[in-house]
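Biologist: Hi! Could you walk me through the aromatic rings in this one?
Modeller: Happy to, let me bring it up.

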Amino acid sequence: MTPEDAVLSAADSVLADGDLTTDPDLIASYRADRSTGSVAGTPFAIAFPRTTEQVSHIVQSAYEHHVPVVPRGAGSGLSGGSNAIDGSLVLCVERMKSVLGVDVGNGYVETQPGIINQDLRDHVAGHGLWYAPDPASKDFCSIGGNVNTNAGGLCCVKYGVTRDAVLGLEVVLADGRITRIGRRTVKGVAGYDLTGLMVGSEGTLGVVTMARLRLRPLPPTPTTAVAVFDDISDAGRAVEAIMATSTPSLLELMDRTSLRAVEAWRPMGLATDAAALLIAQSDLPAGAGEQEADAILAQCERHGAREVYRSEDPEQAELLLGARRMTIPALEAMGDWLLDDISVPRRRLGDAVGAIERIAQARDVVIATFGHAGDGNLHPTIVVPRGDEAAAQRALAAFDDILQVALDVDGTVTGEHGVGLLKRAALARELDPVAIDLHGRIKAALDPRGILNPGKALPRW
Ligand SMILES: Cc1cc2nc3c(=O)[nH]c(=O)nc-3n(C[C@H](O)[C@H](O)[C@H](O)COP(=O)(O)OP(=O)(O)OC[C@H]3O[C@@H](n4cnc5c(N)ncnc54)[C@H](O)[C@@H]3O)c2cc1C
């Protein structure tokens, strides 16, 4: 029996009918995530476990037979993290989507990992509670994927990223053992922070089978503030000033190319002649929210905004946020795209956007820049004519130039999408040699046979 057959047989012995497939059509649709520019291999099968014990049994068999396992959530990743590798088993947790319990008094939910972020939000809203991390992909990404990429989102500028919401995890380790790490309490410092280590580990250290997530009371309806700029560097300076004086619950940026792409795709009257749009929200209670929004707009005017306005109309706010969330699909419609994800100190936002504009000219490519400006997290997205091979090569060069800009301004090569396959070389440039060594040692300690998502997330392995 081949190692693959042994793993198939182990999986088949615990999974329900239909939860294991070798069908080439299904394999084709589960072998890659949403990134472009990354390579996806061909797995020999896809398993859809429903319980922790099933995951444990399958991973244990893979460990025994040295078979690579690629954990997968909803496959919305943008770094190639859940791309299959040749000869691997894709372990897709999308059918593990039950909410296991909500503890209202202690403010947390326990859930299986496959649940879609928005479905979890809807569930806990039924208890009057709120799960804060809200990636723009919240309608189609899973909590397990969010935990493993340490996903950010629009509200993270005030409420923190996924890591700040994870209290504890259940994890199946590479050898199939199951461990529960973390805490239920508000405070707790017992032992190393293994939960923190797992968050953002991109499926390379374990398979998350349960997440215990911090909840908050539902916030009041936010007040929205919008500022239009003729110079994107002014918008960068306004962001710095806003963050020094207010606590917006959202602060997003769209540049001219992003505005034009969305307007062309779904016309909604966006200011396509502007250099940049800042969208901010305050979720302070009525009265205080308007005051904070006005203070934000005053900072924008002080830093050169040509037009500012505030809205309490939830429909108008949703339209604007919808425009921001639509940026990626709108750019996708324009041509072949390559999306970057750098994070820079807010003070250097202006320098970074200026450098990105120069890269667009030098490499003769279109770059749309948008993102979570309040966190200094930008998504410069390179768009080139579909199928133009020379332009695709220039796009790759521009992608790399942008990563260097991040490092040059004391930033990081990935703010929220993860290293995956796309940024391993860039990670090696960001980390010092001792940190690279530590990464290898941690991987070797937790996954000595290197079966979990090999070739991802680490500078070398
Ligand atoms: C239009 C669009 C907008 C986006 N906006 C944002 C945004 O605002 N913020 C943001 O952070 N991201 C954003 N993303 C990227 C993506 O949605 C996130 O990275 C998300 O967290 C991935 O979740 P997923 O369930 O799709 O994970 P996948 O893509 O399936 O996997 C992501 C990584 O997690 C690992 N993994 C998944 N589940 C498990 C598990 N249970 N155990 C162990 N490892 C696991 C995989 O191996 C892989 O390395 C966006 C993507 C798109 C397409």
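Biologist: Is Trp130 buried or exposed?
Modeller: This is a predicted model, and in it Trp130 has a relative accessible area of 10%. That is under 20%, so Trp130 counts as buried.

Biologist: How many aromatic pairs are there in the whole structure?
Modeller: The search turns up two. In one of them, Tyr30 and Phe48 have ring centres 5.3 Å apart and planes at 75°. That angle is over 60 degrees, so the pair is edge-to-face.

Biologist: Where do Tyr30 and Phe48 lie?
Modeller: Tyr30 is in the loop between helix H2 and strand S2, while Phe48 is in the loop between S2 and helix H3. The pair therefore ties together parts that are 18 residues apart in sequence.

Biologist: And are those two buried or exposed?
Modeller: Tyr30 is buried, with a relative accessible area of 14%. Phe48 is buried too, at 1%.

Biologist: Back to Trp130: which residue does it form an aromatic pair with?
Modeller: Tyr159. Their arrangement is edge-to-face, with 4.8 Å centre to centre and 85° between the planes. Trp130 belongs to strand S7 and Tyr159 to helix H6, 29 residues apart, so this pair links distant parts of the chain. Tyr159 is buried, with a relative accessible area of 17%.

Biologist: New topic: which charged ends sit over rings?
Modeller: The charged end of Arg95 sits over the ring of Phe48, 4.0 Å from its centre. Arg266 has its charged end over the ring of Trp265, at 4.1 Å from the centre.

Terms used
Residues numbered from 1 in each chain as written. Predicted model: local features only at pLDDT ≥ 70, side-chain atom pairs only at ≥ 80, totals over all residues. Heavy atoms only, no water. Phe/Tyr/Trp six-rings, centres within 6.5 Å; stacked < 30°, edge-to-face > 60°. Helix = DSSP H or I, 4+ residues; strand = E, 2+ residues; numbered from the N terminus. Buried < 20%, exposed > 50% of the residue type's maximum accessible area, 1.4 Å probe, protein only. Lys NZ or Arg CZ within 6 Å of the ring centre and 35° of its normal.
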